[in-house]
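Visitor: I have a model open beside me and would like to learn how to read its features. Could you take me through some of them?

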Amino acid sequence: ALSSAIIKDFLEKENIFAFYSTHFMELPRMNGIDFFRMKGLNYIEYKKSFNEQKKYELNDRIRMINLFMRYEIEPDDSNREYFDAINIANILGLDIKIIEDAKKQLR
């Protein structure tokens with residue numbers, strides 16, 4: 001709510017240009033604002049390279065995340081579902097029960 005109010009205040013002023021970076025998906029779409037997102041993790045390619053039989057150390061898993069992370073910026077399609085944080089938490093070893101519960105809550 002606070003982020004939305006700040007953005008609305010910026011819109012009411014002249015000659016203000018702001019770049020606002022956040023993980024909040026609930027920000028309202030307002031005229032005068034363009035939304036962009038980082039492409040994020042290429043999870044499909046990651047899964048192709050990942051060997052489920054091998055026990056990767058944490059440092060190796062982090063390197064693999066960085067290898068398949070796409071840092072390019074693209075226009076945001078507000079209709080898409082984003083699971084990068086959940087996929088990354090899964091790669092890092094968070095309990096699968098927590099992962100599945102988080103996915104349910106997002107749906």
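**Rings, core and helix sides**

Guide: Let us start with the rings: this structure holds 2 aromatic pairs. Rings of Phe, Tyr and Trp (its six-membered ring) pair if their centres lie within 6.5 Å; planes under 30 degrees apart count as stacked, over 60 as edge-to-face and the rest as tilted. The rings of Tyr 43 and Tyr 46 have planes at 20 degrees and centres 5.8 Å apart, so this pair is stacked. The model is predicted: local features need pLDDT of at least 70, side-chain atom pairs count only at pLDDT 80 or more, and totals for chains, interfaces and linings use all residues. Residues are numbered from 1 along each chain as its sequence is written, and side-chain values use heavy atoms, leaving out hydrogens and water.

Visitor: How many residues apart are Tyr 43 and Tyr 46 in helix H2?

Guide: They are 3 residues apart in H2 (residues 43–49), which means a separation of about one helical turn. Helices (H or I, at least four residues) and strands (E, at least two) are DSSP runs, numbered from the N terminus. Tyr 43 is partly exposed at 22% relative accessibility, while Tyr 46 is buried at 3%. Here buried means under 20% relative accessible area, exposed over 50%, and partly exposed in between (1.4 Å probe, protein chains only).

Visitor: Which residue forms an edge-to-face pair with Tyr 46?

Guide: Phe 68 does, at 6.1 Å centre to centre and 85 degrees between the planes. Tyr 46 lies in helix H2 and Phe 68 in helix H3, so their pair ties together parts 22 residues apart in sequence. Ring pairs thus link Tyr 43, Tyr 46 and Phe 68 into a cluster.

Visitor: Which residues make up the largest nonpolar core?

Guide: A nonpolar core is a set of buried Ala, Val, Leu, Ile, Met, Phe, Trp, Tyr and Cys residues joined through side-chain atoms within 4.5 Å. The largest one has 9 residues: Leu 41, Tyr 46, Tyr 56, Met 64, Ile 65, Phe 68, Met 69, Ile 88 and Ile 91. Helix H3 (58–68) gives the most, with 3 residues.

Visitor: What are the buried residues of helix H1?

Guide: An α-helix has 3.6 residues a turn, so residues three or four places apart point the same way. In H1 (residues 2–11), the buried residues are Ser 3, Ser 4 and Ile 7. They cover an arc of only 100 degrees around the axis (taken from the directions from the axis to the C-beta atoms), which puts them on the same side of H1.
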